[in-house]
Amino acid sequence: IPVFLLDRNVDPAAAKPGEDFVTVIVSDFVQQGKRAAWAMAQATGGNATIIELEGTTGSSPAIDRKKGFDETITQCPGLQVVVSQSADFTRADGQEVTETLLQSHPDATAVYAHNDEMALGAIAAIRAAGKVPGQDIKVVSIDGSRDALTAVDAGDLYTSVESNPRF
């Protein structure tokens, strides 16, 4: 049975292309992280105290989106990630983790979420903390989901990066 990997890569030591699977079809997750960093710089004027919501620990999107973001913000000395924690790519965890992190980092001015679901959870947490998403705290995410685009239109989410419109 031919196996195609979609939206996740695997450790090449564990599985070999052409042998264990046919191919991998993914977006350039590192590039998405870079684009999110540039959007964050634009949204914040290059100065932000950032809470980062990571995807599922060990997943290729979480690893590469973090890598791209971290590499790029080194070019923007006013951007600083003060805390980074997994919210497992879910809205509920995004809200719960953001609520906790906002209590320990009340000076946060931005949230970078590795996907839209976590960003939407973060927006709910920002509101619950009595702050205005998009004004008091800028939010940037990745995936281009319908709900995220609605949040962009409402001004709650600055942007949602997507590098493959056909995905």
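**Briefing: salt bridges, cores and local backbone features**

Asp-88 is found in the loop that runs between strand S4 (79-86) and H3. The model is predicted. Asp-88 has a positive phi of about 55° although it is not a glycine. A search of the whole structure gives eight salt bridges, and the largest nonpolar core holds 23 residues. The points below are grouped by topic.

**Loop between S4 and H3**

- Asp-88 is partly exposed, at 36% relative accessibility.
- Phe-89 is also placed in the loop between S4 and H3.
- Phe-89 is not a glycine either, yet has a positive phi of about 65°.
- With a relative accessibility of 14%, Phe-89 counts as buried, because the limit for buried is under 20%.

- Glu-71 and Lys-34 form a salt bridge in which the closest N and O atoms are 3.9 Å apart.
- Glu-71 belongs to helix H2 (residues 60-73) and Lys-34 to helix H1 (residues 29-44), so this pair ties together parts that lie 37 residues apart in sequence.
- Glu-71 is partly exposed at 34% relative accessibility, and Lys-34 is partly exposed at 28%.
- A salt bridge also joins Asp-143 to Arg-65, with 3.2 Å between the closest N and O atoms.
- Asp-143 sits in the loop between strand S6 (138-142) and helix H5 (146-154), while Arg-65 is in helix H2, so the pair ties together parts that are 78 residues apart in sequence.

- The side chains of Lys-66 and Asp-70 form a salt bridge with an N to O distance of 3.4 Å.
- Lys-66 and Asp-70 are four residues apart in helix H2, which means that about one helical turn separates them.
- Lys-66 is partly exposed at 24% relative accessibility, and Asp-70 is partly exposed at 28%.
- A network of salt bridges links Lys-66 and Asp-70 with Glu-52 and Glu-54.

**Nonpolar cores**

- In soluble globular proteins, nonpolar side chains tend to be buried together.
- Within the largest nonpolar core, of 23 residues, the members that touch the most other members are Ile-51, Leu-53, Val-111, Val-139 and Leu-157.
- Two or more residues of this core come from each of strand S3 (48-54), helix H3 (91-104), strand S5 (110-113), helix H4 (116-128) and H5.
- H4 supplies the largest share of this core, six residues.
- Leaving aside residues up to four places away in sequence, Leu-53 touches Gln-85, Ala-87, Gly-94, Val-97, Thr-98, Leu-101, Val-111, Tyr-112, Ala-113, His-114, Met-118 and Ala-122.
- Another core, of 16 residues, lies apart from the largest one. Its members include Ala-37, Ala-41, Ile-73 and Val-161.

**Strands S5 and S6**

- S5 and S6 are paired in the parallel sense, over three bridges.
- Tyr-112 stands opposite Val-140, a residue in S6.
- S6 is mostly covered, with four of its five residues buried.

**Thr-44**

- Thr-44 is located in helix H1.
- Thr-44 counts as buried, with 17% relative accessibility.
- Not counting residues up to four places away in sequence, Thr-44 touches Leu-79, Ala-110 and Lys-138.

**Nonpolar surface patch**

- Phe-4, Leu-6, Val-22 and Ile-25 make a nonpolar surface patch of about 390 Å².

**Asn-164**

- Asn-164 is in the segment after strand S7 (159-161).
- The relative accessible area of Asn-164 is 27%, and the residue counts as partly exposed.
- The C-alpha atoms of Asn-164 and Asp-143 are 9.0 Å apart in space, and the two residues are 21 residues apart in sequence.

Definitions and conventions: Residues are numbered from 1 along each chain as its sequence is written. This is a predicted model: local features need pLDDT of at least 70, side-chain atom pairs count only at pLDDT 80 or more; totals for chains, interfaces and linings use all residues. Side-chain values use heavy atoms; hydrogens and water are left out. A salt bridge is a side-chain nitrogen of Lys or Arg within 4 Å of a carboxyl oxygen of Asp or Glu. Buried means under 20% relative accessible area, exposed over 50%, partly exposed in between (1.4 Å probe, protein chains only). Contact means heavy atoms within 4.5 Å. A nonpolar core is a set of buried Ala, Val, Leu, Ile, Met, Phe, Trp, Tyr and Cys residues joined through side-chain atoms within 4.5 Å. Patches are made of residues with over 30% relative accessible area and no salt bridge: like charges are joined within 9 Å, nonpolar side chains (Val, Leu, Ile, Met, Phe, Trp, Tyr) within 5 Å. Accessible areas come from the Shrake-Rupley method with a 1.4 Å probe; for residues, only the protein chains shown count as cover. Two strands pair if DSSP finds at least two bridges between them.
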